[in-house]
Amino acid sequence: MLDRPHLLLDCDPGIDDGFAIFCALRFGNLDAVTTVSGNVSIENTTRNTLWLLELFGSEVPVHRGADRPLRVAPVVADDIHGASGFGDRPVPVTTRQPEATSAAQAILEYSNGGGATIVATGPLTNIAHAIEADPTVVERIEHLYWMGGAASTGNVTTHAEFNAWCDPDAAAVVLESGMALTMFDLDLTRQVRMGQREIELLRAAGTEIGEIFADALDFYKREIDLGVIEHPMHDPCAVLGFLRPDHFTFRASNIVCSTTDGDERGRTVVGFDDENLPHYLAVTANDKEVIELILMAILDTDNNQ
Ligand code: BDR
Ligand code: CA
(Lines give C-alpha, C1' and ligand atoms only; values in the text may rest on other atoms or scores of the structure.)
(Ligands and ions follow the chains in the order given, each with its own letter.)
Protein backbone atom coordinates (compact mmCIF):
# COMPACT_ATOMS: atom_id res chain seq x y z
CA MET A 1 0.00 0.00 0.00
CA LEU A 2 1.31 3.46 -0.93
CA ASP A 3 1.94 6.13 1.65
CA ARG A 4 -1.13 8.29 2.39
CA PRO A 5 0.17 11.72 3.41
CA HIS A 6 -1.90 14.04 5.59
CA LEU A 7 -3.36 17.26 4.20
CA LEU A 8 -5.85 20.05 4.69
CA LEU A 9 -7.74 21.00 1.53
CA ASP A 10 -8.87 24.60 0.99
CA CYS A 11 -11.41 24.71 -1.86
CA ASP A 12 -14.40 26.35 -3.58
CA PRO A 13 -16.46 23.50 -5.13
CA GLY A 14 -16.84 23.93 -8.07
CA ILE A 15 -16.90 20.90 -10.34
CA ASP A 16 -13.15 20.28 -10.58
CA ASP A 17 -12.85 20.96 -6.82
CA GLY A 18 -15.30 18.06 -6.41
CA PHE A 19 -12.96 15.76 -8.31
CA ALA A 20 -10.10 17.12 -6.19
CA ILE A 21 -11.93 16.33 -2.92
CA PHE A 22 -12.41 12.72 -4.04
CA CYS A 23 -8.72 12.46 -5.01
CA ALA A 24 -7.72 13.73 -1.56
CA LEU A 25 -10.06 11.25 0.15
CA ARG A 26 -9.01 8.33 -2.01
CA PHE A 27 -5.23 8.78 -2.04
CA GLY A 28 -4.44 10.92 1.01
CA ASN A 29 -5.27 11.31 4.67
CA LEU A 30 -7.66 14.25 4.49
CA ASP A 31 -7.74 15.84 7.96
CA ALA A 32 -9.92 18.89 7.30
CA VAL A 33 -11.54 20.89 4.53
CA THR A 34 -11.81 24.67 4.53
CA THR A 35 -14.11 26.49 2.11
CA VAL A 36 -13.78 29.82 0.37
CA SER A 37 -15.97 31.90 -1.90
CA GLY A 38 -14.86 31.72 -5.52
CA ASN A 39 -16.61 29.61 -8.11
CA VAL A 40 -19.87 30.26 -6.23
CA SER A 41 -20.83 31.92 -2.94
CA ILE A 42 -19.45 30.70 0.39
CA GLU A 43 -22.91 29.28 1.25
CA ASN A 44 -22.80 27.14 -1.89
CA THR A 45 -19.13 26.08 -1.70
CA THR A 46 -19.67 25.01 1.93
CA ARG A 47 -22.93 23.15 1.20
CA ASN A 48 -21.33 21.46 -1.84
CA THR A 49 -18.34 20.36 0.24
CA LEU A 50 -20.52 18.81 2.95
CA TRP A 51 -22.59 17.01 0.30
CA LEU A 52 -19.54 15.67 -1.56
CA LEU A 53 -18.02 14.37 1.68
CA GLU A 54 -21.30 12.72 2.59
CA LEU A 55 -21.42 11.02 -0.83
CA PHE A 56 -18.00 9.53 -0.10
CA GLY A 57 -19.09 8.57 3.43
CA SER A 58 -16.54 10.89 5.04
CA GLU A 59 -16.99 12.83 8.27
CA VAL A 60 -13.93 15.03 7.79
CA PRO A 61 -14.52 18.40 9.54
CA VAL A 62 -15.48 21.33 7.30
CA HIS A 63 -14.66 24.94 8.22
CA ARG A 64 -16.46 27.75 6.47
CA GLY A 65 -14.14 30.48 5.20
CA ALA A 66 -14.08 33.91 3.63
CA ASP A 67 -17.22 35.15 1.93
CA ARG A 68 -15.28 37.70 -0.14
CA PRO A 69 -11.79 38.51 -1.37
CA LEU A 70 -9.41 40.60 0.76
CA ARG A 71 -10.00 43.89 -1.02
CA VAL A 72 -11.75 43.53 -4.39
CA ALA A 73 -15.48 42.88 -4.83
CA PRO A 74 -16.63 39.23 -4.91
CA VAL A 75 -17.14 37.56 -8.29
CA VAL A 76 -18.31 34.04 -9.09
CA ALA A 77 -17.86 31.63 -12.02
CA ASP A 78 -21.34 30.12 -12.14
CA ASP A 79 -21.25 30.31 -15.94
CA ILE A 80 -18.61 27.55 -15.81
CA HIS A 81 -19.75 25.60 -12.73
CA GLY A 82 -23.54 26.14 -12.79
CA ALA A 83 -25.79 28.06 -10.39
CA SER A 84 -25.32 25.49 -7.61
CA GLY A 85 -21.60 25.19 -8.31
CA PHE A 86 -22.08 21.60 -9.42
CA GLY A 87 -23.55 21.92 -12.89
CA ASP A 88 -27.31 22.06 -13.25
CA ARG A 89 -27.83 19.61 -10.39
CA PRO A 90 -29.67 21.02 -7.34
CA VAL A 91 -27.36 20.13 -4.46
CA PRO A 92 -29.14 18.94 -1.31
CA VAL A 93 -28.42 20.45 2.10
CA THR A 94 -26.91 17.81 4.37
CA THR A 95 -27.75 17.36 8.02
CA ARG A 96 -24.12 17.93 9.00
CA GLN A 97 -23.08 21.53 9.68
CA PRO A 98 -19.67 23.18 9.31
CA GLU A 99 -17.54 23.44 12.46
CA ALA A 100 -17.74 26.58 14.63
CA THR A 101 -14.07 27.45 13.91
CA SER A 102 -13.47 29.61 10.84
CA ALA A 103 -11.29 28.44 7.96
CA ALA A 104 -8.43 30.81 8.81
CA GLN A 105 -8.51 29.70 12.46
CA ALA A 106 -8.59 26.06 11.40
CA ILE A 107 -5.53 26.63 9.18
CA LEU A 108 -3.68 28.23 12.10
CA GLU A 109 -4.60 25.34 14.42
CA TYR A 110 -3.79 22.69 11.79
CA SER A 111 -0.31 24.11 11.34
CA ASN A 112 0.44 24.18 15.08
CA GLY A 113 3.50 22.08 15.67
CA GLY A 114 4.72 22.55 12.09
CA GLY A 115 5.00 20.18 9.15
CA ALA A 116 1.51 20.86 7.78
CA THR A 117 0.62 20.45 4.12
CA ILE A 118 -2.17 22.48 2.57
CA VAL A 119 -3.58 22.04 -0.91
CA ALA A 120 -5.55 25.07 -2.12
CA THR A 121 -7.81 24.86 -5.16
CA GLY A 122 -9.51 28.24 -4.97
CA PRO A 123 -8.67 31.90 -4.32
CA LEU A 124 -6.05 32.18 -1.54
CA THR A 125 -8.20 34.38 0.72
CA ASN A 126 -8.28 32.01 3.73
CA ILE A 127 -4.51 31.45 3.68
CA ALA A 128 -3.91 35.21 3.42
CA HIS A 129 -6.24 35.81 6.41
CA ALA A 130 -4.29 33.20 8.39
CA ILE A 131 -0.97 34.91 7.52
CA GLU A 132 -2.34 38.32 8.45
CA ALA A 133 -3.62 36.96 11.78
CA ASP A 134 -0.36 35.18 12.62
CA PRO A 135 2.65 35.57 10.28
CA THR A 136 4.45 32.65 11.99
CA VAL A 137 2.09 30.33 10.13
CA VAL A 138 4.36 30.83 7.10
CA GLU A 139 7.06 28.67 8.72
CA ARG A 140 4.60 26.25 10.26
CA ILE A 141 3.13 25.27 6.89
CA GLU A 142 5.67 22.92 5.38
CA HIS A 143 4.27 23.32 1.88
CA LEU A 144 1.32 24.85 0.06
CA TYR A 145 0.26 23.30 -3.25
CA TRP A 146 -1.91 25.77 -5.17
CA MET A 147 -3.96 25.45 -8.32
CA GLY A 148 -3.81 28.95 -9.70
CA GLY A 149 -1.98 31.36 -11.93
CA ALA A 150 -1.04 31.38 -15.58
CA ALA A 151 2.55 31.47 -16.76
CA SER A 152 1.37 32.21 -20.30
CA THR A 153 -2.35 32.56 -21.17
CA GLY A 154 -5.17 33.22 -18.70
CA ASN A 155 -8.77 32.00 -18.65
CA VAL A 156 -10.49 35.14 -17.30
CA THR A 157 -8.40 37.76 -19.06
CA THR A 158 -5.54 37.42 -21.53
CA HIS A 159 -3.10 37.07 -18.64
CA ALA A 160 -5.04 36.02 -15.55
CA GLU A 161 -6.27 32.69 -14.26
CA PHE A 162 -9.53 32.68 -12.24
CA ASN A 163 -8.20 31.91 -8.72
CA ALA A 164 -5.49 34.58 -9.03
CA TRP A 165 -7.85 37.09 -10.66
CA CYS A 166 -10.66 36.49 -8.13
CA ASP A 167 -8.47 37.53 -5.18
CA PRO A 168 -5.18 38.98 -6.49
CA ASP A 169 -4.36 40.61 -3.15
CA ALA A 170 -4.54 37.28 -1.33
CA ALA A 171 -2.35 35.63 -3.98
CA ALA A 172 0.20 38.43 -3.58
CA VAL A 173 0.19 38.15 0.24
CA VAL A 174 0.84 34.40 0.05
CA LEU A 175 3.42 34.53 -2.75
CA GLU A 176 5.36 37.32 -1.01
CA SER A 177 5.15 35.72 2.45
CA GLY A 178 8.04 33.30 1.99
CA MET A 179 5.77 30.26 2.39
CA ALA A 180 7.06 27.21 0.51
CA LEU A 181 4.68 26.88 -2.42
CA THR A 182 4.21 24.93 -5.63
CA MET A 183 1.91 26.44 -8.24
CA PHE A 184 -0.11 24.33 -10.69
CA ASP A 185 -0.93 26.91 -13.35
CA LEU A 186 -3.06 26.73 -16.48
CA ASP A 187 -0.14 25.66 -18.69
CA LEU A 188 0.07 22.57 -16.47
CA THR A 189 -3.62 21.85 -15.92
CA ARG A 190 -4.42 22.23 -19.63
CA GLN A 191 -2.31 19.10 -20.16
CA VAL A 192 -4.83 17.02 -18.16
CA ARG A 193 -8.21 17.02 -19.90
CA MET A 194 -11.31 14.90 -19.52
CA GLY A 195 -14.21 14.70 -21.98
CA GLN A 196 -16.59 12.26 -23.65
CA ARG A 197 -14.45 9.16 -23.04
CA GLU A 198 -14.35 9.82 -19.30
CA ILE A 199 -18.06 10.71 -19.15
CA GLU A 200 -18.86 7.34 -20.67
CA LEU A 201 -16.52 5.49 -18.31
CA LEU A 202 -18.09 7.24 -15.31
CA ARG A 203 -21.61 6.37 -16.48
CA ALA A 204 -20.69 2.78 -17.32
CA ALA A 205 -19.85 2.15 -13.66
CA GLY A 206 -23.58 2.28 -12.88
CA THR A 207 -23.03 3.94 -9.50
CA GLU A 208 -24.70 7.05 -8.07
CA ILE A 209 -21.33 8.75 -7.62
CA GLY A 210 -20.23 7.86 -11.16
CA GLU A 211 -23.47 9.31 -12.54
CA ILE A 212 -23.18 12.52 -10.49
CA PHE A 213 -19.62 13.17 -11.69
CA ALA A 214 -20.49 12.20 -15.30
CA ASP A 215 -23.30 14.79 -15.28
CA ALA A 216 -20.99 17.39 -13.75
CA LEU A 217 -18.27 16.72 -16.33
CA ASP A 218 -20.85 16.87 -19.12
CA PHE A 219 -21.89 20.31 -17.87
CA TYR A 220 -18.29 21.44 -17.32
CA LYS A 221 -17.02 20.54 -20.75
CA ARG A 222 -19.49 22.99 -22.29
CA GLU A 223 -16.85 25.60 -21.59
CA ILE A 224 -14.86 25.41 -24.77
CA ASP A 225 -11.38 26.12 -23.58
CA LEU A 226 -8.88 27.02 -26.28
CA GLY A 227 -11.12 25.53 -28.93
CA VAL A 228 -11.36 21.95 -27.64
CA ILE A 229 -14.25 20.26 -25.92
CA GLU A 230 -12.30 18.36 -23.30
CA HIS A 231 -12.04 20.24 -20.05
CA PRO A 232 -8.83 20.76 -18.08
CA MET A 233 -8.96 19.04 -14.68
CA HIS A 234 -7.34 21.96 -12.89
CA ASP A 235 -7.87 21.21 -9.21
CA PRO A 236 -7.11 17.46 -9.07
CA CYS A 237 -3.65 18.33 -10.45
CA ALA A 238 -2.73 20.20 -7.25
CA VAL A 239 -3.94 17.33 -5.02
CA LEU A 240 -2.22 14.65 -7.09
CA GLY A 241 0.88 16.80 -7.52
CA PHE A 242 1.29 16.44 -3.76
CA LEU A 243 0.10 12.86 -3.35
CA ARG A 244 1.59 11.39 -6.56
CA PRO A 245 4.51 13.72 -7.43
CA ASP A 246 6.15 11.09 -9.67
CA HIS A 247 3.56 11.92 -12.34
CA PHE A 248 4.70 15.56 -12.53
CA THR A 249 7.87 17.57 -13.09
CA PHE A 250 8.68 20.78 -11.25
CA ARG A 251 10.96 23.75 -11.73
CA ALA A 252 12.28 26.16 -9.09
CA SER A 253 10.92 29.63 -9.76
CA ASN A 254 9.96 33.03 -8.37
CA ILE A 255 6.28 33.86 -8.82
CA VAL A 256 4.63 37.25 -8.33
CA CYS A 257 0.99 38.28 -8.74
CA SER A 258 -0.14 41.70 -9.91
CA THR A 259 -2.69 43.50 -7.74
CA THR A 260 -3.18 46.45 -10.08
CA ASP A 261 -6.62 46.84 -11.57
CA GLY A 262 -7.43 46.43 -15.27
CA ASP A 263 -5.59 44.15 -17.70
CA GLU A 264 -2.83 43.28 -15.24
CA ARG A 265 -5.15 42.20 -12.40
CA GLY A 266 -4.26 38.71 -11.19
CA ARG A 267 -1.45 38.25 -13.71
CA THR A 268 1.17 35.86 -12.38
CA VAL A 269 4.70 36.34 -13.65
CA VAL A 270 7.07 33.40 -13.28
CA GLY A 271 10.83 34.00 -13.24
CA PHE A 272 13.56 31.38 -13.28
CA ASP A 273 16.72 33.48 -13.14
CA ASP A 274 16.97 34.87 -9.59
CA GLU A 275 19.52 33.56 -7.15
CA ASN A 276 17.06 32.55 -4.48
CA LEU A 277 14.02 30.92 -6.02
CA PRO A 278 11.37 30.56 -3.30
CA HIS A 279 8.67 28.70 -5.27
CA TYR A 280 8.16 25.76 -7.59
CA LEU A 281 6.14 25.67 -10.78
CA ALA A 282 4.69 22.32 -11.90
CA VAL A 283 5.66 22.09 -15.55
CA THR A 284 4.61 18.74 -16.96
CA ALA A 285 2.05 16.08 -16.06
CA ASN A 286 1.76 12.48 -17.26
CA ASP A 287 -1.78 13.11 -18.42
CA LYS A 288 -2.87 9.50 -18.96
CA GLU A 289 -1.74 8.34 -15.54
CA VAL A 290 -3.22 11.39 -13.81
CA ILE A 291 -6.59 10.88 -15.55
CA GLU A 292 -6.62 7.21 -14.51
CA LEU A 293 -6.03 8.27 -10.89
CA ILE A 294 -8.89 10.80 -11.06
CA LEU A 295 -11.23 8.14 -12.48
CA MET A 296 -10.12 5.69 -9.80
CA ALA A 297 -10.92 8.27 -7.11
CA ILE A 298 -14.50 8.54 -8.37
CA LEU A 299 -15.16 4.95 -9.35
CA ASP A 300 -13.31 3.07 -6.65
CA THR A 301 -14.08 4.78 -3.37
CA ASP A 302 -12.84 1.90 -1.21
CA ASN A 303 -10.72 3.99 1.12
CA ASN A 304 -8.86 1.01 2.56
CA GLN A 305 -6.59 0.29 -0.40
C1 BDR B 1 -9.69 27.40 -11.38
O2 BDR B 1 -10.81 28.27 -11.30
C3 BDR B 1 -11.96 27.56 -10.95
O4 BDR B 1 -13.00 27.86 -11.81
C5 BDR B 1 -11.60 26.09 -10.94
O6 BDR B 1 -12.28 25.42 -9.90
C7 BDR B 1 -10.12 26.09 -10.75
O8 BDR B 1 -9.79 26.11 -9.37
C9 BDR B 1 -9.25 27.30 -12.81
O10 BDR B 1 -8.91 28.56 -13.32
CA1 CA C 1 -11.42 25.61 -7.64
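Select helices α1 (15-27), α7 (162-166) and α12 (234-243): each supplies at least two residues of the shell around ligand 1. The model on display is a predicted one.

Next, display ligand 1 together with the residues that surround it: Asp16, Asp17, Asn39, His81, Thr121, Met147, Asn155, Glu161, Phe162, Asn163, His234 and Asp235. Colouring this shell by class gives 2 nonpolar, 6 polar and 4 charged residues.

Begin with Asp235, where a polar side-chain atom lies 2.6 Å from an oxygen atom of ligand 1. Move to Asn155, which places an N or O atom of its side chain 2.9 Å from a ligand oxygen atom. How much of the accessible area of ligand 1 does the protein cover? Taken on its own, ligand 1 has 280 Å² of accessible area, and the protein covers 97% of this.

Asp169 belongs to helix α8 (residues 168-176), whereas Arg71 is in the loop between β3 (62-63) and α3 (78-81), so the pair ties together parts that are 98 residues apart in sequence. In total, the structure holds 12 salt bridges.

For the last stop, select Pro13 and Gly14. The peptide bond joining Pro13 and Gly14 is cis, with omega about -10°. Most peptide bonds, by contrast, are trans. Gly14 is located in the loop that runs between β1 (6-11) and α1, and α1 is one of the helices with which this tour began.

Methods
Residues numbered from 1 in each chain as written. Chains lettered and ligands numbered in written order. Predicted model: local features only at pLDDT ≥ 70, side-chain atom pairs only at ≥ 80, totals over all residues. Heavy atoms only, no water. Near = heavy atom within 4 Å. Polar contact = N/O pair within 3.5 Å; in protein donor to acceptor, adjacent residues only side chain to side chain. Areas by Shrake-Rupley, 256 points an atom, 1.4 Å probe, with all protein chains shown as cover. Helix = DSSP H or I, 4+ residues; strand = E, 2+ residues; numbered from the N terminus. Nonpolar A, V, L, I, M, F, W, Y, C, P; charged D, E, K, R; others polar. Salt bridge = Lys/Arg side-chain N within 4 Å of Asp/Glu carboxyl O.
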